[in-house]
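I opened the model to look up how its parts sit against each other. My notes follow in the order in which I made them.

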Protein chains: 2
Amino acid sequence: MTATSSARRLVVVGADAAGMSAASQALRVARARGRELDVVAFESTDHTSYSQCGIPYWIAGDVAGADDLVARTADQHRANGIDLRMAAEVTAIDVERQRVEVRHRDGRREHVGYDDLMIATGAEAIHPAWACDVPDVLPVKTLEDGARWRAVLGVDAGSAPRRAVVVGGGFIGVEAAESLARRGLETLLVTRGSEPMAHSLDPHMGALVRRGLERAGVEVVTGSEVGSIDRHGGRVVAACVSGAEHQADVVALAIGVRPRVALATAAGLDVGAHGGLVPDRTQRLGGDPEGGLWAAGDCCEVWDRVLEQYWYTPLGTHANKAGRVAGTNLGGGSARFAGSVGTAITRAGDAEVARTGVLASWAREHGWDVEEVTLDSTTAAGYMPQAEPMSVSVVGERGSGRLLGAQIVGGRGAGKRIDIVAMALWSGLTAADVAGADLAYCPPFSPTWDPVQIACRKLAEQL
Amino acid sequence: MTATSSARRLVVVGADAAGMSAASQALRVARARGRELDVVAFESTDHTSYSQCGIPYWIAGDVAGADDLVARTADQHRANGIDLRMAAEVTAIDVERQRVEVRHRDGRREHVGYDDLMIATGAEAIHPAWACDVPDVLPVKTLEDGARWRAVLGVDAGSAPRRAVVVGGGFIGVEAAESLARRGLETLLVTRGSEPMAHSLDPHMGALVRRGLERAGVEVVTGSEVGSIDRHGGRVVAACVSGAEHQADVVALAIGVRPRVALATAAGLDVGAHGGLVPDRTQRLGGDPEGGLWAAGDCCEVWDRVLEQYWYTPLGTHANKAGRVAGTNLGGGSARFAGSVGTAITRAGDAEVARTGVLASWAREHGWDVEEVTLDSTTAAGYMPQAEPMSVSVVGERGSGRLLGAQIVGGRGAGKRIDIVAMALWSGLTAADVAGADLAYCPPFSPTWDPVQIACRKLAEQL
């Protein structure tokens with residue numbers, strides 16, 4: 001491929017959330033400014049801009065088909081003016097000559113020059129040694145994974161899997177377990193933590209998640225890990241969990257993801273303490289305006305506003321926003337990524353689960369002197385039929401009174417209340433500020449004082 | 001009643017949210033500081049500390065009985081050390097001699113001296129001329145009102161009302177209409193506005209509320225008012241709505257409330273532009289530390305942080321918080337009421353309805369140069385079965401980019417999202433700040449960008 005115009009050329013590596021947000025926004029901003037910009041995007045798979053977070057719900061049967069998860073098809077991106085090449089893998093970046101090497105699925109190779117390069121290679125599921133090249137041991141990450149799950153679960157009743165083991169108790173593991181149980185499989189979730197979601201929640205909140213999973217029919221084994229898989233006739237028959245055999249027809253792999261940075265590191269680019277690329281807040285890499293190197297999405301670390309350091313938080317929300325920031329700058333505008341406060345939400349059976357900010361244990365490691373409060377309340381006024389239990393745990397800094405984080409587990413309407421705290425962390429508010437804030441109250445929606453507010457009020461008294 | 005100790009005496013007038021929050025908190029703070037404090041509270045009715053906001057849901061049958069609405073009984077307050085006198089009306093305040101005149105239901109009168117006086121007389125439903133002393137024309141405000149509604153609706157089938165007219169399209173009117181329709185009554189809501197909730201929502205959002213009511217079986221007549229009531233044999237038989245007769249067996253009166261300040265004004269105390277008492281942010285009245293006069297709750301105006309002026313916002317949330325602030329100060333501590341941003345929420349059939357901050361029309365009256373954006377999105381990712389339509393309207397100030405208000409109408413999970421904006425207004429954030437914030441996302445709970453965020457992003461582009 002040779003340059004066909006004098007326009008500046010942006011090459012995008014990876015056509016999912018971050019890459020295509022950047023591509024679309026760059027074109028939009030450039031057009032608004034009357035700038036010429038060629039955008040070429042390379043995607044190694046057959047899919048663009050889809051919702052990875054929707055995969056567990058596709059497996060569960062909530063989502064009719066893969067097409068529903070695709071926010072924008074390749075053709076839609078092309079109609080928007082992006083020269084999108086599918087099944088085309090970027091195999092090398094030559095930062096000196098400002099070009100990439102591309103291998104097409106038909107074996108053809110080419111070099112493509114760039115003025116700016118957007119690295120949006122995402123993350124990859126971590127595979128333990130026993131999981132490599134074992135059929136019926138499937139991650140829950142890509143659209144291809146989802147399609148394999150659908151195929152495995154949809155086979156004729158005689159050989160359809162009846163027992164599933166989910167390895168990993170984080171967000172994806174919990175979502176996968178819930179989905180498989182809803183599909184009618186006997187489901188066992190195995191986690192190394194003392195409770196599920198040990199990287200995100202304190203154990204006493206994780207215990208509420210466990211109970212939600214158990215009510216949904218998921219068996220949970222904590223403090224354990226899968227050491228090996230037994231196979232018979234090429235099919236999984238059992239998982240060995242901390243020495244004990246558990247029958248299994250299919251295994252979901254959800255022990256985490258890591259930034260996919262091999263391409264970048266092979267080109268000599270640096271990674272941060274968590275293994276991800278570390279762009280600045282404009283999403284530029286290496287601080288070199290001449291180099292034309294940019295990155296966003298799950299291959300990057302993200303600025304954490306509470307911890308005031310980079311952290312690995314691979315989420316579609318950040319990928320979309322950071323991609324858009326990169327695109328604005330690439331199109332000739334000016335934008336900065338505002339960062340994360342560590343907000344996340346999911347569902348574990350009938351339990352809504354959400355968190356933001358830091359746990360008390362992290363804060364203490366960080367050298368903060370903190371207090372925490374856990375409160376049991378209800379999602380609606382206690383006398384209303386909608387009222388379901390909800391627990392809120394909040395942590396704040398002594399002295400300054402600053403709120404540092406929160407966790408919520410509860411019934412319908414509990415989870416999105418985490419946004420109250422996310423907004424408070426965003427502005428660096430104190431627990432007392434939140435206790436005094438003017439939140440929405442009406443009996444079907446909340447007790448007179450929102451449970452988040454009562455927890456913050458009690459915390460403020462302790463701080 | 002004569003003084004029996006050398007302790008400072010706090011007299012509280014009105015034993016609902018504000019008064020009893022103040023009384024309880026004053027005792028608590030005083031005890032923690034080793035101070036002696038006598039607290040005497042007078043309540044003219046037979047009820048303490050109950051949820052007025054729950055009355056429509058009691059009428060609807062969601063709440064089993066009046067007891068469920070009572071947060072604390074008189075006996076519980078007494079057990080806490082408050083000398084609570086029920087059925088005892090304060091008929092005069094003598095600010096010079098620092099004493100009140102009390103009339104007991106048995107006709108007995110007495111004078112009671114105070115060091116500090118907490119005025120928490122609340123609000124009263126506004127009655128038009130045609131509604132005075134007409135049976136079957138009932139407000140939806142007090143526990144007594146609720147009991148009368150329950151009695152009216154619960155009579156034997158032969159004479160049970162079949163048709164209701166609700167007068168007033170504000171929050172209470174909408175809640176009453178929904179409740180009566182759910183009880184199976186043919187319900188007509190009459191509002192002067194071009195759409196329901198004209199004091200709280202723009203007409204295009206009010207139209208969504210109307211449709212929610214209509215889906216719930218409520219007929220809505222806009223731009224009209226009830227001019228008179230026809231009676232037969234002492235019972236209501238029809239309401240005359242802008243000249244047209246509508247058959248009615250019972251009429252709900254919900255054209256608003258006003259601060260109950262007759263006692264205070266008779267004592268020479270001033271009211272503000274909206275007719276309420278205007279305590280300072282410590283809840284003290286008149287700025288005179290010697291006078292010992294305090295007030296909180298629905299008899300007061302409330303500091304609006306967005307408008308930066310006092311406003312009449314009679315809500316239980318403010319009453320509770322301001323009462324608590326007063327109590328802290330009365331007990332020897334130090335607290336300031338942080339104010340309101342105008343947040344409110346309710347339900348109109350299957351529509352959740354919420355608002356905060358100012359409408360564009362108010363902002364323009366205030367002299368602000370504003371832009372507004374209305375966005376149609378969904379409560380969950382569009383491909384999920386939980387996804388229901390939701391509309392968000394946001395308004396912000398040109399130049400500064402500051403967010404000034406929002407309205408939300410939508411399906412399950414839409415309404416409490418208003419707290420995102422309430423928190424943003426609390427901190428004076430810009431629309432761009434909210435667009436960049438780290439809110440909770442997972443397909444069952446939200447699109448990747450929360451609808452509130454998309455609306456703010458579009459608004460930020462216009463500002």
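Entry 1. I looked up the distance between domain 2 and domain 3 of chain A, taken over C-alpha atoms, and their centres are 31 Å apart. The model is a predicted one. For the bounds, I noted that chain A is divided into domain 1 (8-124 + 258-330), domain 2 (127-255) and domain 3 (350-462).

Entry 2. I then checked for contacts, and found nine residues of domain 2 of chain A in contact with 11 residues of domain 3 of chain A. On the domain 2 side, I list four nonpolar, three polar and two charged residues.

Entry 3. I moved on to the two chains, where 50 residues of chain B are in contact with 50 residues of chain A. Which elements of chain B give two or more residues to this side? I found helix 3 (66-69), helix 9 (316-330), strand 21 (344-348) and helix 11 (418-426) of chain B. Helix 11 of chain B gives the largest share, seven residues. By class, I have 29 nonpolar, 13 polar and eight charged residues on the chain B side.

Entry 4. I looked at helix 11 of chain A (residues 418-426) against helix 11 of chain B: their axes come within 8 Å and cross at roughly 20 degrees. Angles under 35 degrees count as roughly parallel, so I put the two helices down as roughly parallel. I recorded their crossing as right-handed.

Entry 5. I listed the residues that meet there: A:Asp419, A:Ile420, A:Met423 and A:Ala424 from helix 11 of chain A, and B:Asp419, B:Ile420, B:Met423 and B:Ala424 from helix 11 of chain B. I sorted the residues of this contact into six nonpolar, no polar and two charged.

Terms used:
Residues are numbered from 1 along each chain as its sequence is written. Chains are lettered from A and ligands numbered from 1 in the order in which they are written. This is a predicted model: local features need pLDDT of at least 70, side-chain atom pairs count only at pLDDT 80 or more; totals for chains, interfaces and linings use all residues. Two residues are in contact if their C-beta atoms, placed from the backbone, lie within 7 Å. Helices (H or I, at least four residues) and strands (E, at least two) are DSSP runs, numbered from the N terminus. Ala, Val, Leu, Ile, Met, Phe, Trp, Tyr, Cys and Pro count as nonpolar, Asp, Glu, Lys and Arg as charged, and the others, Gly among them, as polar. Axes are lines fitted to C-alpha atoms, for helices over the stretch in contact, and angles run from 0 to 180 degrees between N-to-C directions. Angles under 35 degrees count as roughly parallel, over 145 as roughly antiparallel, 65 to 115 as roughly perpendicular and the rest as oblique. A crossing is left-handed if the near helix is turned anticlockwise from the far one by less than a right angle, and right-handed if clockwise. Domain bounds come from an automatic or database domain assignment.
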